[in-house]
Amino acid sequence: MTHPSELISAYLDGELIGDETSKLLSHLATCGRCSADLEELQSVRTAVRSLPVLELPPGLVPEADAFVVPIHRNRGVWVGAAAAAVALIIAIASIVTPPPVSISVDDLTSRFGARASLDPAFSPAKVVVPVLGELSE
Amino acid sequence: MVESIPLTWEEVARVYGRKIYNFAYRLTGNADDAHDLVQEVLLRVRRGLENYQPGSFEGWLWRITRNAFLDEIRKRKRRPTTPLPDEIDRWDAATSDPADVEYARITLGDDIQKALLELPIEFREAVVLCDVVGLSYEEIAQAASVPIGTVRSRIHRGRRMMKELLT
């Protein structure tokens with residue numbers, strides 16, 4: 001008797017295709033060895049899946065805004081000017097310091113604009129891009 | 001095109017960081033190695049997002065994760081004084097460090113972890129991607145660049161070996 005044992009794990013994972021399921025089930029109905037195999041493999045599968053989920057150690061993932069350019073924001077026309085200045089600096093940095101920046105201009109502009117409109121504590125136009133290397137890393 | 005990227009790097013880090021960490025920990029059995037691997041993977045993802053083409057994001061992400069792990073193994077092969085994960089009892093190594101003792105304290109299923117570490121790396125990787133990360137066979141095949149039939153075989157053989165190890 002040929003034992004389709006390799007189908008058993010795939011069956012447990014719902015990964016059988018075509019008529020494999022019906023073939024395996026027919027075989028299991030008459031084969032005690034494969035039925036026992038199925039139970040044991042199911043136990044192993046359940047055991048691995050029940051391993052506790054570990055939390056990410058603190059500090060491994062940066063803050064959400066860690067790569068937003070920290071700019072002293074401004075209102076009105078200065079918002080566009082500041083965003084354009086940042087985009088220009090980033091563009092230059094991306095040329096002289098490969099690999100290039102992984103933030104799009106649109107992304108920066110939208111973030112900057114959104115933050116500017118939400119932050120009432122604006123100071124007059126003062127654009128500070130602290131570390132270019134950090135951006136283009 | 002940057003506009004076609006579905007997630008920013010920060011979002012990837014937040015959403016997938018824990019999954020990558022669990023994958024790395026179960027693969028290495030060591031918190032420090034898992035920590036280093038997550039950092040390396042996130043760095044590669046951040047760089048790679050710019051050239052990412054819309055498609056199977058999971059396959060792309062786990063291919064990067066897998067490659068980072070294999071690169072680390074290759075590096076250690078070139079530095080013979082540093083043992084490979086497969087060449088030492090990682091569980092003993094893990095419990096020798098205070099930081100890892102804490103992990104050992106909170107980690108249940110020690111025998112399962114030990115058995116995982118006994119598997120050949122291809123089997124361990126397939127079992128962990130399937131049962132810990134929850135990827136489909138197709139996603140695992142994409143990540144490992146092998147046919148689905150190979151994934152099926154590796155998972156089955158890995159589980160069979162674990163069954164022997166656990167009895």
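Analyst: A term is needed at the outset: pLDDT is the predictor's confidence in each residue, from 0 to 100. This is a predicted model, and over residues 102-107 of chain B the pLDDT stays under 50, although the model has eleven contacts beyond four places in sequence for them.

User: Which element of chain B has the highest mean pLDDT?

Analyst: Chain B has a mean pLDDT of 79, with 77% of its residues at 70 or more. Among its elements, helix H4 (residues 90-95) has the lowest mean, 42, and the pLDDT is below 50 over residues 81-95 of chain B. The highest mean, 96, belongs to H9(B).

User: How are the axes of H3(A) and H9(B) oriented to each other?

Analyst: The axes of helix H3 (residues 32-49) of chain A and helix H9 (residues 148-166) of chain B come within 9 Å and cross at roughly 90 degrees. Angles of 65 to 115 degrees count as roughly perpendicular, and H3(A) and H9(B) are therefore roughly perpendicular.

User: How many residues of the contact of H3(A) with H9(B) are charged?

Analyst: On H3(A) the contact includes A:Asp37, A:Glu40 and A:Arg45, and on H9(B) it includes B:Arg159, B:Arg160 and B:Lys163. Besides four nonpolar residues and one polar residue, the number of charged ones is seven.

User: Which parts of chain B does the pair of B:Phe23 and B:Trp62 tie together?

Analyst: The two rings form an edge-to-face aromatic pair, 5.3 Å centre to centre with 65 degrees between the planes, and B:Phe23 and B:Trp62 are both buried. Because B:Phe23 lies in one helix and B:Trp62 in another, the pair ties together parts 39 residues apart in sequence, namely helix H1 and helix H3 (residues 57-78) of chain B.

How values were computed
Residues numbered from 1 in each chain as written. Chains lettered and ligands numbered in written order. Predicted model: local features only at pLDDT ≥ 70, side-chain atom pairs only at ≥ 80, totals over all residues. Heavy atoms only, no water. Axes fitted to C-alpha atoms, helices over the stretch in contact; angles between N-to-C directions. Helix = DSSP H or I, 4+ residues; strand = E, 2+ residues; numbered from the N terminus. Parallel < 35°, antiparallel > 145°, perpendicular 65-115°, else oblique. Contact = heavy atoms within 4.5 Å. Nonpolar A, V, L, I, M, F, W, Y, C, P; charged D, E, K, R; others polar. Phe/Tyr/Trp six-rings, centres within 6.5 Å; stacked < 30°, edge-to-face > 60°. Buried < 20%, exposed > 50% of the residue type's maximum accessible area, 1.4 Å probe, protein only.
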